Amino acid sequence: MKPVAILQHEAAQGPGVLWEHLQQQGIACELISPCQEGHAPVRAADYRGVVVLGSNHCANEQLRWIEQERCLLQNALAHDVPVLGHCFGAQMLARAMGARVWRNPCPNIGWSNVWVTRQAQDLMQLPPRITLFNWHYDTFELPQGASRSMYGAFCLNKGFVHGRHWAFQGHLEVTEDSVRAWCREGQDELRHAPGPAVQRAPQILAQLPQHLALLHATARRTYSAWAEQLERPALFQLGALPGAPATAPQPGRIQPGPDLTLQYQAPLARQTKAILARAVG
């Protein structure tokens, strides 16, 4: 089965909880580093899904690998390969859909509450309000045909949904190690970034286990819902030997039953009628 492509751009911004979740679900992943390698794949059909993580770069920069990522996402949209964008990845998905990316009125760094729309609550099994980890300066307009999934006090568009393609202007995937590493690498940035939506390192790291526990609960629900859209191998259990012990249903396995039987009987009946009609004629 094809893997899920995960595009990572910075050492401190890895797939974290998402990687753990996909591995637990038996979903193969391929980690790709376009920023380091200088290029990105462009054929989305080679993958079951495409995940784009955060980056210190701006989505509007005219770099070869950024343009290739945009082409990859446009290819994914054309072939309906599910996309999951985090922060920079959300901006890249918005660009791929023809929407603008520009500077947010103020930087958004640290922990903040965001509100989840009713549609997204139902889709992702989330409460009306969640805590999100942020580290971004830019924002995006909602692409045509997309619907807002989350919104914040200092950044209106914190997420959108377009079919099987989901974007989050923030981070669900971070771990304790990655947050601490990010704060170490960005300590000068944290000292000088202005605005009411910027937390300093002590604020970000205060009550870190509690913040992460809430974030990871949100992440597991969201990633489970997104992963349900991925193509899965269909393993058919057509029967068992007499006396063989019954087996419990397995994830991704289609179990026999009346509905499944009808799915096969109907096409078979049509084929039989066609053969008989030709024979009589």
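These are my notebook entries on a predicted model of one protein.

**Entry 1: overall make-up**

I started with the secondary structure. The protein comes to 10 helices and 11 strands. Next I looked up burial. Of the 281 residues, 47% count as buried. I then checked the surface. The protein exposes about 14,200 Å². Carbon and sulfur atoms supply 54% of that area.

Strand E5, residues 101-116, pairs with E6 in the antiparallel sense. I noted 11 bridges between E5 and E6. For one position I looked up the partner. Ile-109 has Trp-135 in E6 as its bridge partner.

**Entry 2: helices across the sheet**

**Entry 3: a nonpolar patch**

I searched the surface for nonpolar side chains. Trp-115, Tyr-151 and Leu-156 form a nonpolar patch there. Together they have about 280 Å² of accessible area. I followed up on Trp-115. This residue lies in strand E5. How accessible is Trp-115? I found 32% relative accessibility, so Trp-115 counts as partly exposed.

**Entry 4: salt bridges**

I turned to charged side chains. Side chains of opposite charge can pair when their charged atoms come close. The count for this protein comes to 8 salt bridges.

I began with Asp-80 and Arg-164, which form a salt bridge. Their closest N and O atoms are 3.3 Å apart. What does this pair tie together? Asp-80 lies in the loop between helix H3 (64-79) and E4, while Arg-164 lies in the loop between E8 and E9. The pair therefore ties together parts that are 84 residues apart in sequence. Asp-80 has 36% relative accessibility and counts as partly exposed. Arg-164, at 22%, counts as partly exposed.

Then I looked within helix H6, residues 176-185. Arg-180 and Glu-176 meet in a salt bridge there, 3.2 Å from N to O. The two residues are 4 residues apart, so about one helical turn separates them. Arg-180 is partly exposed at 32% relative accessibility. Glu-176 is partly exposed at 35%.

I moved on to helix H7, residues 187-192. The side chains of Asp-188 and Arg-191 meet in a salt bridge, 2.1 Å from N to O. Asp-188 and Arg-191 are 3 residues apart, which means a separation of about one helical turn. Is each of them buried or exposed? Asp-188 is partly exposed, with a relative accessible area of 45%. Arg-191 counts as exposed, because its relative accessibility is 54% and the cut-off for exposed is over 50%.

I also noted a network of salt bridges. Glu-67, Arg-70 and Arg-95 are linked in it.

**Entry 5: Cys-155**

I closed with one cysteine. Cys-155 is in the loop between strand E7 (147-152) and E8. Is Cys-155 buried or exposed? Its relative accessible area is 2%, and buried means under 20%, so Cys-155 is buried.

I then listed its contacts, leaving aside neighbours within four places in sequence. Cys-155 is in contact with Asn-104, Asn-108, His-136, Thr-139 and Gln-169. I also checked Cys-155 against Val-114. They are 41 residues apart in sequence. In space they are 9.3 Å apart, C-alpha to C-alpha.

How values were computed. Residues are numbered from 1 along each chain as its sequence is written. This is a predicted model: local features need pLDDT of at least 70, side-chain atom pairs count only at pLDDT 80 or more; totals for chains, interfaces and linings use all residues. Side-chain values use heavy atoms; hydrogens and water are left out. Two strands pair if DSSP finds at least two bridges between them. Patches are made of residues with over 30% relative accessible area and no salt bridge: like charges are joined within 9 Å, nonpolar side chains (Val, Leu, Ile, Met, Phe, Trp, Tyr) within 5 Å. Accessible areas come from the Shrake-Rupley method with a 1.4 Å probe; for residues, only the protein chains shown count as cover. A salt bridge is a side-chain nitrogen of Lys or Arg within 4 Å of a carboxyl oxygen of Asp or Glu. Buried means under 20% relative accessible area, exposed over 50%, partly exposed in between (1.4 Å probe, protein chains only). Contact means heavy atoms within 4.5 Å.
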